[in-house]
Amino acid sequence: MADPATYRPAPGSIPESPGVYRFRDEHGRVIYVGKAKSLRSRLNSYFADFSALHPRTQTMVQTAARVDWTVVGTEVEALQLEYSWIKEFDPRFNVRYRDDKSYPYLAVTLNEEFPRVMVMRGAKRKGVRYFGPYSHAWAIRETVDQLLRVFPVRTCSAGVFKRQHQLDRPCLLGYIGKCSAPCVGRVSPDEHRLLAEDFCDFMAGNTGRFIKRLERDMREAAASQAYERAARLRDDIRALERALEKQAVVLADTTDCDMIAFAEDELEAAVQVFYVRGGRIRGQRGWVVDKVEEVTTADLVENFLIQTYGESESVPREVLVPALPPDADAMTELLAEQRGGPVHLRVPQRGDKKTLLETVARNAHEALKQHKTRRASDLTTRSRALQELQEALELDEAPLRIECYDVSNLQGTNVVASMVVFEDGLARKSEYRRFTIKAVEGQDDVRSIHEVITRRFRRYLAESEKMGELDTLGDPEEGAHQPIDPETGKPRKFAYPPQLVLVDGGPPQVAAAQRALDELGVDDIAVCGIAKRLEELWLPGEDDPVILPRNSEGMFLVQRVRDEAHRFAITFHRQRRSKAMTVSELDSVPGLGPSRRAALLKHFGSVKRLKEATPEQVAEVPGIGPRSAEGIVAALHGGSVPARGAGGGDAGGDRGAAADGAAQGRNGAGGGRKADGEHGGKRT
């Protein structure tokens, strides 16, 4: 690692003009390319306060051995030069978009004498018209098969075309009318090119004129009693309509735009693009990117636009993004130059476009989730992640079982915690647990973590003692670990100890977890915490964090475990909060069970109208007697409930109320016992 001070430019030597700069390593390789409105201001930020830089930026600056720059005239020129250098040098610290798979395009080779319709992948070629990309090649072939009835363009390869020309006989498609057979001269090159151009116009969204023309020809053929030709034209119209049905109409017919959305975390980001032409979604494409540097959503948008449209001629009139890039005006000007016409770059605020962009964002979230799942499901990758954690945290063995704890609350209310379990790098959802914080009032994550760890490992010690494990630890043959409860035949809830306890938080939370284990006498379980902002791992009693390489499999696993604990805690917290918001004043009325509460609300419509009613009016509700009605009215108005008496026509109603109250009490007691024990996936 180099000291940034050794290659810092001399004071005053950096110009204040806009430009592009390059950081190079000791071998002269470019490791980062950036642009700036003011080169002096931007470059000085790398050297002014090293400790204030993001850890990933610190790594980049320490890896570099020198920096140079090029002055340009405008911000647009800076964008163009930055794109050129990123493409030329492929710097390791720049955001780089990579396809998660190779997407197929529908291509029309207008650069050939007889244009050909085909499915193509990979790099684009000059003179070829592309449509898409599509998620599956079969979707393209189905569409082409429908359109060849109306636009019989050549689809054969050069070898087949040459052979059929030599044989002076068309292929099967020529015989069945799905190719105009230019190989045998049925159409001239100009006529065939016109067919290919009409095919392109239809795929570009200009569909109305073709259907109207076919309908006009069909009516004329029918009027002249050419019924066979009219029937064929009818079938052609239906073929075009079926092709259109495969592409959902989402916006106005005149809308041509690309819709871009991101899903991101601290390490990676997924981007999805929907290509809307003529108001229809004509294609979809996705990328996944590693966040080598600290970037915002606006920075991701800027990098994506530069890399995607840097040399592309297919820039639409409108590009919709989740956030405008930092230099929106310069980026708009650059896109307009590439398109050769005006381009609107905007963030939709309302209406159909905003709704569709939300759909694109959901696709991006799903793509990121699938990417992480594929990465986590690989056995070699999981093994490497566990080995990296063992080495980084200096553990005696690989953490085959990791338990992660997170606390969730809203301004100190409905405080809950979650425990998620990963075994061998995979989520073990049957072992997840949820806790309701009892001994802590208000927002105090440190004490909450202490309570949760204490309760969890107190149960572990109790289970171990029940199995006799604590008495026979020195003789494994005499007392083997029994994960199955012989009485119930089910797995014991807290019998398995983890090799690593991970808490969501920094040094205070880690210290609280370690203190809880020390108080219980548990000294063979490692503890660490992960601080969300910088993704640092904190060990108990250490002044400095453990920083894993940001692209390491160990960091990926720790982040995935932490995110799962956070999701599980948030879900439970929302359930508790929703339940608390639906509590009714009727819940506190003694002896009033769920069925009679429902009957009262159905009769009066609301608690407010019920409170305005007299005991006689309340007694009109089926199942409510006069004495019960008096008790309900008194309870709702803060009075005391009259003593129940036996006998009379009221006794049955009062006995029913008492039965409801007893049942409710039993349910409440059961709920209390359930809440006190830490059950699998249940509130604890």
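**Note on charges and cysteines in a predicted model**

1. Start with one pair. Glu302 forms a salt bridge with Lys35, and their closest N and O atoms are 3.1 Å apart. Keep in mind that this is a predicted model. Glu302 sits in helix 10 (residues 297-309), while Lys35 sits in strand 2 (residues 30-36). The pair therefore ties together parts that are 267 residues apart in sequence.

2. Are these two partners buried or exposed? Glu302 counts as buried, at 6% relative accessibility. Lys35 is buried too, with a relative accessible area of 16%. The cut-off for buried is under 20% relative accessible area.

3. Side chains of opposite charge can pair when their charged atoms come close. In this structure the count comes to 23 salt bridges.

4. Next, look at Arg401. Its side chain meets that of Glu423 in a salt bridge, at 2.7 Å from N to O. Arg401 belongs to strand 13 (residues 401-410) and Glu423 to strand 14 (residues 413-423). The two residues are 22 apart, and the pair links distant parts of the chain. Arg401 counts as buried, at 5% relative accessibility. Glu423 is partly exposed, with a relative accessible area of 23%.

5. Glu431 lies in the loop between strand 15 (426-427) and strand 16 (433-436). Arg401 lies in strand 13, so this pair ties together parts that are 30 residues apart in sequence. Glu431 counts as buried, at 7% relative accessibility.

6. Now put these contacts together. Salt bridges that share partners join Arg401, Glu403, Glu423, Arg428, Glu431 and Arg456 into one network. Find Arg401 in the structure and trace the network from there.

7. Which helices each supply at least two residues of the negative patch? They are helix 3 (75-89) and helix 11 (328-339). Helix 11 gives the most, with three residues.

8. Glu337 is partly exposed, with a relative accessible area of 45%.

9. Last, the cysteines. How many disulfides does a search of the whole structure find? The search finds zero. Cys183 is in no disulfide, and the nearest cysteine sulfur, that of Cys171, is 6.1 Å away. A disulfide needs two cysteine sulfur atoms within 2.5 Å. Cys183 counts as buried, at 7% relative accessibility.

10. Cys404 is another case. It is in no disulfide, and the nearest cysteine sulfur, that of Cys528, is 8.6 Å away. Cys404 counts as buried, at 0% relative accessibility.

How values were computed:
Residues are numbered from 1 along each chain as its sequence is written. This is a predicted model: local features need pLDDT of at least 70, side-chain atom pairs count only at pLDDT 80 or more; totals for chains, interfaces and linings use all residues. Side-chain values use heavy atoms; hydrogens and water are left out. Helices (H or I, at least four residues) and strands (E, at least two) are DSSP runs, numbered from the N terminus. Buried means under 20% relative accessible area, exposed over 50%, partly exposed in between (1.4 Å probe, protein chains only). A salt bridge is a side-chain nitrogen of Lys or Arg within 4 Å of a carboxyl oxygen of Asp or Glu.
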